[in-house]
Amino acid sequence: MGTIALEGLEFFSYHGFYDEEQKIGNKYSVDIVVTADFSEAARRDRLSATVNYEDLYRITATVMQQPARLLEHIAHRIIQEIRTKYTDLLSVQVSVSKFNPPIGGVCHRAKITLNE
């Protein structure tokens with residue numbers, strides 16, 4: 001068993017509960033951790049036996065282009081798309097952070113994490 005992680009993927013996207021957030025946009029960060037049996041990839045040294053980082057990035061970038069109200073929904077869609085591409089994964093964890101959320105005070109990031 002092992003994990004592959006992409007940390008700190010950054011996007012400028014148009015998500016948010018409030019209509020204004022979806023108009024002006026904001027910066028977001030995404031972290032992904034996938035767990036699977038990577039022993040064949042380790043033995044054979046073949047990309048076809050593992051999870052391709054580029055696929056994870058492309059899936060995430062595509063989802064981040066589609067406006068959503070909730071960070072939870074974004075993470076869920078990323079997980080669904082990753083599991084569609086890689087059906088043998090034991091788990092997928094996705095964290096989505098919104099920089100400077102509109103909470104009426106100072107907050108560097110609001111962050112949610114889903115595990116499926």
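This is a dialogue on how to read several features of a predicted model.

Trainee: Which feature does UniProt place at residues 4–116?

Mentor: The unreviewed UniProt entry gives "domain: Dihydroneopterin aldolase/epimerase" for these residues. UniProt positions are in the numbering used here, feature names are shortened, and annotations may be inferred rather than shown by experiment. Over residues 4–116 the chain is 35% helix and 33% strand, with the end C-alpha atoms 15 Å apart.

Trainee: Does R77 count as buried or exposed?

Mentor: Buried means under 20% relative accessible area, exposed over 50%, and partly exposed in between (1.4 Å probe, protein chains only). R77, placed in helix α4, counts as buried because its relative accessibility is 14%. Its C-alpha atom is separated by 6.9 Å from that of V63, 14 residues apart along the chain. Of the 116 residues in the protein, 41% are buried.

Trainee: How many aromatic pairs does the structure hold?

Mentor: A pair of aromatic rings is described by the distance of the centres and the angle of the planes. Rings of Phe, Tyr and Trp (its six-membered ring) pair if their centres lie within 6.5 Å; planes under 30 degrees apart count as stacked, over 60 as edge-to-face and the rest as tilted. The structure holds 3 such pairs. One of them joins F12 and Y14 edge-to-face, at 5.6 Å centre to centre and 80 degrees between the planes. F12 is exposed at 52%, and Y14 is partly exposed at 36%. Another edge-to-face pair is F17 and Y18, with 5.1 Å between centres and 85 degrees between planes. Here F17 is exposed at 52%, while Y18 is partly exposed at 48%.

Trainee: Which residue lies over the face of F99?

Mentor: A charge sits over a ring if NZ of Lys or CZ of Arg is within 6 Å of the ring centre and within 35 degrees of the ring normal. K27 lies over F99, at 4.4 Å from the ring centre.

Trainee: What is the volume of the second largest pocket?

Mentor: Rolling a probe the size of a water molecule over the atoms shows where empty space is left. On a 1 Å grid over the protein atoms alone, with a 1.4 Å probe, a pocket is an open set of points with protein on both sides within 12 Å along at least five of seven lines; lining residues have an atom within 4 Å of a point. A volume is the space filled by probe spheres set on the points, which are joined across faces, edges and corners. The second largest pocket has about 170 Å³. Its lining has 16 residues, with F17, E21, R69, L71 and K98 nearest the centre. Helix α4 (residues 71–85) gives the most to this lining, with 3 residues.

Conventions:
Residues numbered from 1 in each chain as written. Predicted model: local features only at pLDDT ≥ 70, side-chain atom pairs only at ≥ 80, totals over all residues. Heavy atoms only, no water. Helix = DSSP H or I, 4+ residues; strand = E, 2+ residues; numbered from the N terminus.
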